[in-house]
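My entries follow in the order in which I made them.

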Amino acid sequence: MTCLEVQSNIISYIDDGLEKDKKIEFLKHVESCKDCKEELDIYYTMIEGMRQMDSNLPISRDFRAELDLRIKRELKQNRNRKKLLFSTIVMTILGVLAFSIIAYINFLNILYNDEQEEIKQKQGQYYYSAYFDDVLFDPEPKQFNVNIEPKEITEQSFYSKIRQYNANNR
Ligand SMILES: [Zn+2]
């Protein structure tokens, strides 16, 4: 806010007609600018003095001190408002952060559990196949061959029997 803007807003300020942000800008300028503070003091004394006379109030002895008090109070209100806003923002950020961390941990847990579940299932399939696949799907060929040992009828024994018969009947 420039000196010109401040000085054109002096009457609005005294009548409490400035909106919050504009009032803070106004006050901050007045705090650091002697000329504008001087101007404000003069207008304040004039306007407040007339107002007090009009309403038959006891006239302030020290308008300047009264004005300084008002400025201090209004700036403090603003700082408190800022502090509240700041702590609200900080709490919100912390809340979001905490929520994110918890959500992330939960997410990791879910991932871990899913992985474990998958591993278990694979192991289950492995054990299952290790123990039952052979039996159920690929039975070892069983030896069904029956050893039938034929009686040995050899040519030699046949002829030898005939020879023996012939020899006996000779
Ligand atoms: Zn100024």
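**Entry 1. Terms and source.** I call a residue buried if 20 or more other C-beta atoms lie within 10 Å of its own, exposed if 12 or fewer, and partly exposed in between, with C-beta atoms placed from the backbone. This is a predicted model, in which local features need pLDDT of at least 70, side-chain atom pairs count only at pLDDT 80 or more, and totals for chains, interfaces and linings use all residues. I number residues from 1 along each chain as its sequence is written.

**Entry 2. Glu 48.** I looked up Glu 48 and found its place in helix α4; helices (H or I, at least four residues) and strands (E, at least two) are DSSP runs, numbered from the N terminus. Glu 48 is partly exposed because 18 other C-beta atoms lie within 10 Å. I count two residues as in contact if their C-beta atoms, placed from the backbone, lie within 7 Å. Not counting residues up to four places away in sequence, Glu 48 touches Ser 60 and Phe 63. From Glu 48 to Leu 67 I noted 9.8 Å, C-alpha to C-alpha, at a sequence separation of 19 residues.

**Entry 3. Overall make-up.** The protein has 6 helices and 0 strands, and along the sequence I read the pattern α-α-α-α-α-α. Of its 170 residues, 6% are buried. Among contacts with a separation of 6 or more, 50% join residues 24 or more positions apart.

**Entry 4. The core.** Which residues form the largest nonpolar core? I listed 10: Val 6, Ile 10, Tyr 13, Phe 26, Leu 27, Val 30, Cys 36, Leu 40, Tyr 44 and Leu 67. Two or more core residues come from each of α2 (10-14), α3 (20-32) and α4 (34-54). The term nonpolar core denotes a set of buried Ala, Val, Leu, Ile, Met, Phe, Trp, Tyr and Cys residues joined through C-beta atoms within 7 Å.

**Entry 5. Helix α3.** The 13 residues of α3 should span 18 Å at 1.5 Å a residue, and the end C-alpha atoms are 19 Å apart, which agrees. Phe 26, Leu 27 and Val 30 are the buried residues of α3. They cover an arc of only 95° around the axis, so they sit on the same side of α3; the arc is that of the directions from the helix axis to the C-beta atoms. On the face turned away from this buried side I found the exposed residues Asp 21, Glu 31 and Ser 32. Leaving aside neighbours within four places in sequence, Leu 27 is in contact with Ile 71, Glu 74 and Leu 75.

**Entry 6. Helix α4.** α4 has 21 residues and reaches 30 Å from its first C-alpha to its last, close to the 30 Å expected at 1.5 Å a residue. Its buried residues are Cys 36, Leu 40 and Tyr 44. Seen down the axis of α4, these fall within an arc of 65°, so they line one face of the helix. The face of α4 turned away from the buried side carries the exposed residues Lys 34, Asp 35, Glu 38, Met 46, Met 50 and Met 53.

**Entry 7. Cys 36.** Is Cys 36 buried or exposed? Cys 36 counts as buried, because it has 22 C-beta neighbours inside 10 Å. Apart from neighbours within four places in sequence, Cys 36 is in contact with Cys 3, Val 6, Gln 7, His 29 and Val 30. Cys 36 and Phe 26 are 10 residues apart in sequence, with 9.7 Å between their C-alpha atoms.

**Entry 8. Positive phi values.** In the loop between α2 and α3 I found Asp 16, whose phi is near 60°, a positive value in a residue other than glycine. Asp 16 counts as exposed because it has 9 C-beta neighbours inside 10 Å. Asn 56 lies in the loop between α4 and α5 (63-136), and its phi is near 55°, again positive in a residue other than glycine. With 7 C-beta neighbours inside 10 Å, Asn 56 also counts as exposed.

Note on methods. The expected span of a helix is 1.5 Å times one less than its number of residues.
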